Each structure stands twice: as structure tokens, then as C-alpha cells.
Amino acid sequence: MVKVIVNSKFCLNCEQGYDFAAVLEWFAERVDRIILLFDAHKLDISDEFSEVIRALKNHEDKMRVVLNKADQIGTQQLMRVYGALMWSLGKIINTPEVVRVYIGSFWAQPLLVPDNRKLFEAEEQDLFKDIQGLPQNAALRKLNDLIKRARLAKVHAYIITSLKKEMPSMFGKENKKKELIANLGEIYLKIEKEHQISPGDFPNLKKMQEILAGQDFTKFQSMKPKVLEAVEDMLANDIAKLMTLVRQEEAAMPSQSVKGGAFEGTMNGPFGHGYGEGAGEGIDELEWVVGRDKPSYDEIFYTLSPINGKVSGAMAKKEMVKSKLPNTVLGKIWKLADVDKDGFLDDEEFALANHLIKVKLEGHELPAELPDHLVPPSKRQQE
């Protein structure tokens with residue numbers, strides 16, 4: 001399975017040596033999901049980016065939009081940015097359905113404006129579930145691609161037939177051809193109204209004009225009504241039956257999900273790696289998160305008869321083993337908590353050790369290195 005992720009920061013006119021929009025169109029036909037990335041703090045849909053989105057025409061059902069770095073602006077400004085993005089996309093993506101937008105800050109860094117943390121976490125999970133569900137709906141997407149191709153073929157037949165009818169039988173063929181190509185947009189409108197076809201079913205106008213410029217209109221075949229009737233019957237009847245069968249088959253299949261890479265071994269998604277929970281709790285708070293429970297940890301600390309304000313490893317271990325965690329885990333917690341590496345724990349380090357024990361008992365993973373926000377306040381000047 002392949003995904004195309006398109007960032008708003010690129011240049012179509014840069015010297016890349018290839019047609020970037022054409023490459024994207026090629027990929028769009030073969031991928032399961034297309035993700036368009038925008039930065040909330042500097043939203044801009046350039047002319048180049050607009051052209052790329054238009055190159056993804058007829059694949060709007062695969063599109064998802066990510067409004068990233070949304071923590072860099074406040075709630076009120078975020079609402080304005082979201083509205084502006086939807087308005088701008090509406091002018092480019094010409095479909096009756098609104099494209100799905102995910103709002104968040106998709107990295108494991110402290111939120112600059114933490115007011116919308118719950119919203120961001122919910123959006124991250126929704127995006128994760130959307131990607132995870134791709135294998136389960138693979139057959140349905142292939143069927144949708146078949147429908148789009150059939151509808152596009154039907155529209156092509158109408159266009160070719162209209163062009164052939166307008167061609168003179170004897171003289172002025174080349175001039176008429178140029179006239180028809182120039183007025184192709186009007187032909188589109190005429191076919192759309194006459195046959196009640198959605199504008200989204202028509203091929204890209206500019207690209208169609210370029211292709212037609214190299215064709216001999218007099219060699220176009222006339223439309224075959226029986227073939228067109230067969231296509232119409234397939235879209236109206238056969239596809240509906242296939243759709244039902246596909247849904248039944250997918251429902252009966254065992255659950256499938258995306259595997260490998262950032263999705264391996266996680267049920268909560270790769271975004272943020274549990275940001276705001278476990279060892280990440282308190283990452284965007286000014287106060288030391290361990291300090292919340294430090295009074296209760298202090299009571300235990302002073303029962304261990306500290307000397308010069310510190311307890312030895314042996315004394316600390318007597319308390320830590322009560323958690324029933326494996327010695328290997330407790331050893332890792334000790335290394336993380338002994339911030340100054342002197343082989344003893346002071347009251348802050350002891351509180352930190354108990355906090356990490358709590359993190360592990362709640363089912364979270366321990367960090368490989370102690371995060372900055374968990375370093376005891378008295379030790380931060382030494383870091």
C-alpha cells in the first residue's frame with residue numbers, strides 16, 4: 001500500500017527535470033490515501049499548489065487534509081484559519097462532499113498553545129484510524145476506481161462523438177479542429193446539460209486540449225449505442241450488486257490494519273507517541289508534574305532514614321520492589337531517577353523514581369532518556 005503526502009512547500013516551476021504534477025497524477029491513480037499538508041500558522045495555497053491539487057482531480061475521495069502546527073495559534077484564530085482553508089479548498093476541489101480535515105500538532109513536542117490539546121489528540125486518533133482502516137476497505141476502493149473509470153470512459157465517448165459531428169466532410173478541417181479545441185469548455189457544458197453528467201466526471205480541460213491537438217478528428221469512431229447501454233447497465237445494476245457482495249465479504253474477513261514502520265506495535269498511533277500521557281504527562285506545563293504527588297512520596301522517603309538528605313540504593317530498593325516490577329525495569333528506573341549519577345537518591349530523585357514506577361504500572365513505556373520536563377527543578381541548573 002502506498003500513500004502520497006503533499007506539502008504546500010514546493011515549486012512547480014523549479015528545475016526538477018520532470019513534470020511534477022504529472023508524476024502526482026500517476027501516483028494518485030495507484031494509491032489508497034492522499035494527504036495534503038498545511039501549516040496553520042502560515043496558511044497559503046499558492047498557484048503552484050493549486051495546480052497540483054487540480055492534478056489530483058477525480059481522486060478527491062482519497063484525499064485527506066492535515067492542518068498541522070495548530071498549537072501555534074489560539075482557538076479563535078484557529079477557527080478563522082480553518083474557515084479560510086475550507087473556503088480556499090472549495091474553490092479548487094470541485095466536489096459535493098467536503099474534504100475531511102484533521103487538525104493537530106503531529107509531533108512529540110510541547111504544545112505552544114495547549115488550550116486545544118483534547119481536540120488535537122482526538123484528531124490524531126481519527127487520522128490514525130482512517131489510515132489503519134485502509135486494508136479493510138481495499139476491495140471497495142478498487143470498485144470505486146472501476147466506477148470512476150467507467151464514467152470517465154462514457155464521458156470520453158460523448159466528447160469524441162461531439163467533436164466528430166462538428167467536423168466538415170471536405171474542406172477547412174484543420175481550422176475547424178483548432179476552433180473545436182479552443183471551445184472545448186463550451187462542448188463540456190453542452191454535454192453536461194444534455195446528458196445530466198456531473199462536472200467532476202469530465203477530464204482535465206487543459207490536458208484534453210493538449211492531447212486533442214495531436215489527433216486526427218476524422219479518424220474518430222462513431223459512438224456505439226449498444227456499448228454505451230452496456231456501460232449504463234453496469235453502472236446502474238451490476239455495480240450495485242457487486243457493492244453489496246464486497247461489503248458482505250469485507251465484513252466476514254478478519255480485521256486488517258496497517259503494519260510496519262511507525263505503525264508497528266502500537267494501538268494508539270504513531271503521532272506523538274503517547275504525547276501528554278505516561279512519561280509525556282506534564283510536558284507543556286510550567287510546574288514539575290512529579291510535584292503533584294511529591295508530598296506522599298516524601299512521607300515514604302523520610303521513613304528510609306536518609307543520611308545527609310539522601311538514601312542509598314539498597315534502602316531505595318526495599319521500597320521500589322513493593323511495586324512488583326521486574327528488577328530489569330527497576331534498574332532502568334533507578335538510572336533515570338539518579339539524575340546526578342552519585343549512586344544515591346535525594347527527595348526529588350526519589351519522588352521521580354516513584355513517578356516513573358507509576359508510569360510503568362499504568363501501562364506506559366519508560367523513556368530511553370529522561371525528558372527535560374521530568375528533570376527535578378534543583379537539578380536543572382546542572383543540566
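**Close-up views of a predicted model**

View 1. In an unreviewed UniProt entry, the annotation "domain: EF-hand" covers residues 325–360. Here we look at that span in a predicted model. Its end C-alpha atoms, those of residues 325–360, lie 9 Å apart.

**View 2. Helix 12 packed with helix 13.** Two packed helices are described by the angle between their axes and the distance between the axes. For helix 12 (residues 327–337) and helix 13 (residues 347–361), the angle is about 140° and the axes are 9 Å apart. Angles over 145 degrees would count as roughly antiparallel, so helix 12 and helix 13 are oblique to each other. Their crossing is right-handed.

**View 3. The residues between these two helices.** On the helix 12 side, V329, L330, I333, L336 and A337 make the contact. Helix 13 answers with E349, L352, A353, L356, I357 and K360. Sorted by class, the contact of helix 12 with helix 13 holds nine nonpolar residues, two charged ones and no polar ones.

View 4. Let's move to E60, in the loop between helix 2 (47–55) and strand 3 (63–68). Leaving aside residues up to four places away in sequence, E60 touches I93 and T95. E60 and T95 are 35 residues apart in sequence, yet their C-alpha atoms are 7.6 Å apart in space.

**View 5. Confidence along the protein.** The mean pLDDT of the protein is 82, with 87% of its residues at 70 or more.

Methods: Residues numbered from 1 in each chain as written. Predicted model: local features only at pLDDT ≥ 70, side-chain atom pairs only at ≥ 80, totals over all residues. Heavy atoms only, no water. Axes fitted to C-alpha atoms, helices over the stretch in contact; angles between N-to-C directions. Helix = DSSP H or I, 4+ residues; strand = E, 2+ residues; numbered from the N terminus. Parallel < 35°, antiparallel > 145°, perpendicular 65-115°, else oblique. Left-handed = near helix turned anticlockwise from the far one by under 90°. Contact = heavy atoms within 4.5 Å. Nonpolar A, V, L, I, M, F, W, Y, C, P; charged D, E, K, R; others polar. UniProt positions renumbered as here; feature names shortened; annotations may be inferred. pLDDT = per-residue confidence, 0-100.
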